[in-house]
Amino acid sequence: MHPLAKLAGKESRLVIGLMSGTSADGIDAALVKIEGYWLATKVEQLGFITVPYPEKARNEILKAASGDYGGSHTICNLNFFLGKLFAESCKDLCKECGISPGDIDIVGSHGQTLWHIPGKEMFLGKCFSSTLQIGEAAVIAEEMNCPVVSDFRVRDMAAGGLGAPLVPYTEYLLYRRKERTIALQNIGGIGNITILPADCSLEEVYAFDTGPGNMVMDALTECLTEGKLTFDQGGRMAASGKVDRKLLSFMMEDSYLKAPIPKTTGRERYGKDYVKRLIKEAEEMGVSLLDTLTTATCFTAECIRIGIENFCRPLPEQLIVGGGGSQNKLLMTFIKKALPKCQVIINEDIHLDSNAKEAIAFAVLANETVCCHFNNAVKATGAEHPVVMGKISF
């Protein structure tokens, strides 16, 4: 029997999901027990850790992801270096959970995005979209001695999709409800939302990136603290400032907010150049850096509101917020104020883990890959047809 067929035939599988997002602050690693696949999928979270990147490693990642960096030698090294870090995080998670790495059946790794081009561009006479995630899966497979599923986005893009968002497929499996329309808002570096209409099929699920999540706030926090802090924990710093309505109006003129769905965005749009322009505009308006941070926090909430009002039909009855942004109390206050007719909660309110959500998603996506089942939501990504995403390294 083929090893994959044997693995797919097991009653349950122990799977590690790895996620490193656009904020590049560390590796999220979740251990889950998965039974079945597709609509029969059952998931039990057994453990979760976050392994922060060393400061020098994070600086190299951000430099390589800046878009104007062309050091192939460094990117080559960074690819294998991150593979080592991902493997180490798997072992650390196993130790935390009291199990042997040899007990792990599958690892699903999103990798670290360096650049993502969802729209087609001309290059050497050819027109196509493209993406690049690194964190060598072969290194993880060698050290964990199990199949590793990685590089998910590229198969969806080859089928005409945007390669993002990918989590809606897993959200459909794990969150769908017969009696109510639910929206799931993840706030990592970028914000993304999934709409699950009441009693929906996968074909009715849609999703899109709402705009910046923590990315702009994180960059402003670094500027404000001269690099001493990389994020505004709990929104405490922003809570001591005030929203400048003129600056907020300037930010709300962003053309991405009105762009039709499906759509996706990232550091390419809201990275360092965006933050430089924002700070310059704020200075010209006489807005302090602290008030700029508070305004940017409000802007993230307004992006969510605009996305829901413009593109979500039916309107959700409940918004479940996950990701690091769900721990920002000021941001959550802004979101609740922006959506007074919608019940806004976080994953913990329904006994789930906001921080582990995306890592768990890539464990589930990897499980679908091994079971040879398609794992993209075509209405979310815009792909021409369902595909099995992920490359398997043994």
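Start by selecting Gly 21, which is partly exposed because its relative accessibility is 26%; partly exposed lies between buried, under 20% relative accessible area, and exposed, over 50% (1.4 Å probe, protein chains only). Gly 21 sits in the loop between strand 1 (12–20) and strand 2 (26–35). Helices (H or I, at least four residues) and strands (E, at least two) are DSSP runs, numbered from the N terminus.

Two notes before moving on. This is a predicted model, in which local features need pLDDT of at least 70 and side-chain atom pairs count only at pLDDT 80 or more, while totals for chains, interfaces and linings use all residues. Residues are numbered from 1 along each chain as its sequence is written, and side-chain values use heavy atoms, with hydrogens and water left out.

**Stop 1: the annotated loop**

Pick Ser 23. Is Ser 23 buried or exposed? Ser 23 is buried, because its relative accessibility is 9%. Now show its contacts (heavy atoms within 4.5 Å). Leaving aside neighbours within four places in sequence, Ser 23 touches Arg 58, Leu 62, Gly 188, Gly 189, Asn 214, Asp 218 and Arg 267.

Step to Ala 24, in the loop between strand 1 and strand 2. Ala 24 is buried, at 1% relative accessible area. Its phi is positive, about 50°, although Ala 24 is not a glycine. Most residues other than glycine have a negative phi.

Next comes Asp 25. With a relative accessible area of 47%, Asp 25 is partly exposed. Not counting residues up to four places away in sequence, Asp 25 touches Pro 52, Tyr 53 and Arg 58.

**Stop 2: Leu 39**

Go to Leu 39, in the loop between strand 2 and strand 3 (42–52). Beyond four places in sequence, Leu 39 is in contact with Tyr 172, Leu 173 and Arg 176.

**Stop 3: a nonpolar patch**

Select Phe 123, Leu 124 and Phe 128. They make a nonpolar surface patch of about 360 Å². Leu 124 lies in the loop between strand 4 (106–123) and strand 5 (126–134). Leu 124 is exposed, at 77% relative accessible area. Check its backbone too: Leu 124 has a positive phi of about 55°.

**Stop 4: salt bridges**

A salt bridge here is a side-chain nitrogen of Lys or Arg within 4 Å of a carboxyl oxygen of Asp or Glu. How many salt bridges are there by this rule? The count is 11.

Select Glu 143 and Lys 91, whose side chains meet in a salt bridge (3.1 Å, N to O). Glu 143 is in helix 4 (residues 137–144) and Lys 91 in helix 3 (residues 72–97), 52 residues apart.

Now pick Lys 357 and Glu 171. Their closest N and O atoms are 2.3 Å apart. Lys 357 is in helix 14 (residues 357–370) and Glu 171 in helix 6 (residues 167–175), 186 residues apart. Both Lys 357 and Glu 171 are buried.

Another pair to select is Lys 242 and Asp 291, joined by a salt bridge at 3.0 Å, N to O.

**Stop 5: two cis bonds**

Select Ile 261 and Pro 262. The peptide bond between them is cis, with omega near 0°. Pro 262 lies in the loop between helix 9 (245–251) and helix 10 (267–270).

Finish at Arg 313 and Pro 314, where the peptide bond is also cis. Pro 314 lies in the loop between helix 12 (289–311) and strand 10 (318–322).

Terms used: Patches are made of residues with over 30% relative accessible area and no salt bridge: like charges are joined within 9 Å, nonpolar side chains (Val, Leu, Ile, Met, Phe, Trp, Tyr) within 5 Å. Accessible areas come from the Shrake-Rupley method with a 1.4 Å probe; for residues, only the protein chains shown count as cover.
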